[in-house]
Amino acid sequence: MNYEIVHTNTFTYETKVDQSLNTIRLKPLTDEVQRLLIYRAEITPASLTKEYTDLWGNQVETFFIPEKHNLLEVKTTSVVSIQRGSFIQEIQYSKRMQDIFHSRQFREHYLSYLNETDYTLLNPEQLAEVRRGLGEMDNPVQYALRVMNYVYETFIYCGEATSVDTLARQAFELKKGVCQDLAHVMIGILRAGRIPARYVSGYLYVGEDSALKGDAATHAWVEVMVPGIGWVGLDPTNNVEALDNHIRVGTGRDYADVSPLQGVYRGGGSTLEVGVSVTLLDDPGD
């Protein structure tokens, strides 16, 4: 599948601002199943960007605008090719995988994705409620699937209930949230079961007559480390494995590691308008 993604962030300031320093994480990843074919960032007022790879392997661009301005627009255009098939349902949890999962080396290697963050931490009462619904963790592959289904069945997808700063334990109490909240809750449950899990930021292509949710802006889901195999994406918002309609931009411990745009400036308040379009360029089945 080939997709074109156009993502526009427009900041309008109450008064003119200056000395704006910004960081964007909007460049899709290239890996064994996803290939970035075209990427272009257009910034108004015009600014040059510097690019580097962060600790988590994400492509990060920074730019500085010294002159006064009352509007900042960041428009990125990407073309991505994805070939990813479903396989987690076919995985048999072998004795060798079990040995890897319980090994000290496995836990040390993925420690960053086992330790809770403020975004993902659930309190003991909430985890006890989860255990009553799911039972104890015995097989990490099947447990991860049960957790995804639990979050999907228990939480209501609602854009008005939470904000970008909402923590997993707050969303858990509400039993409501957007894809960011559902991903954080799922990660918190998995890490409590000693399963390495990471946050994925990206886009979701939703075709016609689809019941999938999460295509209005950026999307978020979870990747689970399957011992001896690698990272597998699970989308609790839609209760599906992340396949070739999930376009990966960045991964990290939680949303803070992959926030699409961060910045500081000198001046008054601002409002943000976000527009995202994901277009299927060709369909091999045609």
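**Pockets, helix packing and local backbone geometry**

The largest share of the lining of the largest pocket, six residues, comes from β1. The structure is a predicted model, in which local features need pLDDT of at least 70 and side-chain atom pairs count only at pLDDT 80 or more, whereas totals for chains, interfaces and linings use all residues. Residues are numbered from 1 along each chain as its sequence is written, and side-chain values use heavy atoms, with hydrogens and water left out.

The largest pocket has a volume of about 910 Å³. A pocket is here an open set of points on a 1 Å grid over the protein atoms alone, where a 1.4 Å probe fits, with protein on both sides within 12 Å along at least five of seven lines; lining residues have an atom within 4 Å of a point. Grid points are joined across faces, edges and corners, and the volume is the space filled by probe spheres set on the points. Of the 36 lining residues of the largest pocket, Val164, Gln180, Thr218, Tyr255 and Leu272 are the closest to its centre. Two or more residues of this lining are given by each of β1 (2–24), α6 (179–192), β8 (197–204), β9 (219–226), α7 (255–258), β13 (261–266) and β14 (270–282). Helices (H or I, at least four residues) and strands (E, at least two) are DSSP runs numbered from the N terminus. By class, the lining of the largest pocket comprises 20 nonpolar residues, 15 polar and one charged, where Ala, Val, Leu, Ile, Met, Phe, Trp, Tyr, Cys and Pro count as nonpolar, Asp, Glu, Lys and Arg as charged, and the others, Gly among them, as polar.

The second largest pocket holds about 380 Å³ of space. It is lined by 19 residues, of which Glu32, Val33, Arg84, Glu223 and Trp231 are the closest to its centre. At least two lining residues are supplied by each of β9 and β10 (230–235), and β10 gives the most, with four. The lining of the second largest pocket divides into eight nonpolar, four polar and seven charged residues.

Helix α3 (residues 124–134) packs against helix α4 (residues 140–154) at an angle of about 110°, with the axes 11 Å apart. Helix α3 is therefore roughly perpendicular to α4, a term covering angles of 65 to 115 degrees. Axes are lines fitted to C-alpha atoms over the stretch in contact, and angles run from 0 to 180 degrees between N-to-C directions. In this contact (heavy atoms within 4.5 Å), Glu129, Val130 and Leu134 of α3 meet Tyr143, Arg146, Val147 and Tyr150 of α4. The contact has five nonpolar, no polar and two charged residues.

Met137 lies in the loop between α3 and α4 and is partly exposed, with a relative accessible area of 21%; partly exposed lies between buried (under 20%) and exposed (over 50%), for a 1.4 Å probe and protein chains only. Residues up to four places away in sequence not counted, Met137 touches Phe101, Tyr143, Gly193 and Ile195.

Backbone features were also identified. The peptide bond from Thr44 to Pro45 is cis, with omega near 0°, and Pro45 lies in the loop between β2 (34–44) and β3 (50–53). Gln19, in strand β1, has a positive phi of about 55° although it is not a glycine, and is partly exposed at 42% relative accessibility. Asn239, in the loop between β10 and β11 (240–241), has a positive phi near 60° and is partly exposed, with a relative accessible area of 25%.

Definitions and conventions
Parallel < 35°, antiparallel > 145°, perpendicular 65-115°, else oblique.
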